Amino acid sequence: TQTFARMLRVEGYSVRTAVTAESGLAEATRQRPDAIILDLRMPLVDGLGFLRRLRASNIGPVPVAIVTGDYFLDDTISSEVHQLGAELLFKPLWMEDLVGLARNLIKVTH
């Protein structure tokens, strides 16, 4: 999380981070983000659970990408991620990959 945040800040993006789904949803409610990049593996509620809650909230249609290192991800998980309107990417993400991802996600909202 912090590595991605630092990489995006270097490129001039304003970044907010959250360690849990609850704090992430609270942050997104306080200030609607232009995009969300999250890890599939998070404590307590995973990235898919976060995405479900985000889509059920009144926050609005925020572009989301879920990143995972799990190359053997169950097809039902990847299918649900796509049905909920999010991109799914696999680690490692290099600086140019992450910046390109952020740029593409933000294009959707502007």
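Modeller: Contact here means heavy atoms within 4.5 Å, while helices (H or I, at least four residues) and strands (E, at least two) are DSSP runs numbered from the N terminus. This is a predicted model, in which local features need pLDDT of at least 70, side-chain atom pairs count only at pLDDT 80 or more, and totals for chains, interfaces and linings use all residues. Residues are numbered from 1 along each chain as its sequence is written, and side-chain values use heavy atoms, with hydrogens and water left out.

Biologist: Which residues in helix 2 and helix 3 meet?

Modeller: Ala21, Glu22, Gly24 and Leu25 in helix 2 meet Phe50, Arg53 and Leu54 in helix 3. By class, this contact has four nonpolar, one polar and two charged residues. Ala, Val, Leu, Ile, Met, Phe, Trp, Tyr, Cys and Pro count as nonpolar, Asp, Glu, Lys and Arg as charged, and the others, Gly among them, as polar.

Biologist: Why are helix 2 and helix 3 called roughly parallel?

Modeller: Their axes are 10 Å apart and the packing angle is about 30°. Axes are lines fitted to C-alpha atoms, for helices over the stretch in contact, and angles run from 0 to 180 degrees between N-to-C directions. An angle under 35 degrees counts as roughly parallel (over 145 is roughly antiparallel, 65 to 115 roughly perpendicular, the rest oblique), so helix 2 and helix 3 are roughly parallel to each other. Their crossing is right-handed.

Biologist: What makes helix 3 roughly parallel to helix 4?

Modeller: The axes of helix 3 (residues 47–56) and helix 4 come within 10 Å and cross at roughly 30°. Helix 3 is therefore roughly parallel to helix 4. The crossing here is left-handed: the near helix is turned anticlockwise from the far one by less than a right angle, whereas clockwise would be right-handed. Leu48, Leu51 and Arg52 of helix 3 make the contact with Ile77, Glu80 and Val81 of helix 4. These residues divide into four nonpolar, no polar and two charged.

Biologist: What volume does the largest pocket have?

Modeller: About 990 Å³, taken as the space filled by probe spheres set on grid points joined across faces, edges and corners. A pocket, on a 1 Å grid over the protein atoms alone, is an open set of points where a 1.4 Å probe fits, with protein on both sides within 12 Å along at least five of seven lines; lining residues have an atom within 4 Å of a point. Of its 36 lining residues, Val15, Arg16, Ala35, Ile36 and Ile37 are closest to the centre. Helix 1 (2–10), helix 2 (21–30), strand 1 (36–39) and helix 5 (95–109) each give two or more residues to the lining, which divides into 22 nonpolar, seven polar and seven charged.

Biologist: With which residues is Phe4 in contact, neighbours within four places in sequence aside?

Modeller: Phe4, in helix 1, contacts Ile37, Val67, Leu93 and Leu98.

Biologist: How do you know that the bond from Lys91 to Pro92 is cis?

Modeller: Its omega is near 5°. Most peptide bonds are trans. Pro92 lies in the loop between strand 3 and helix 5.
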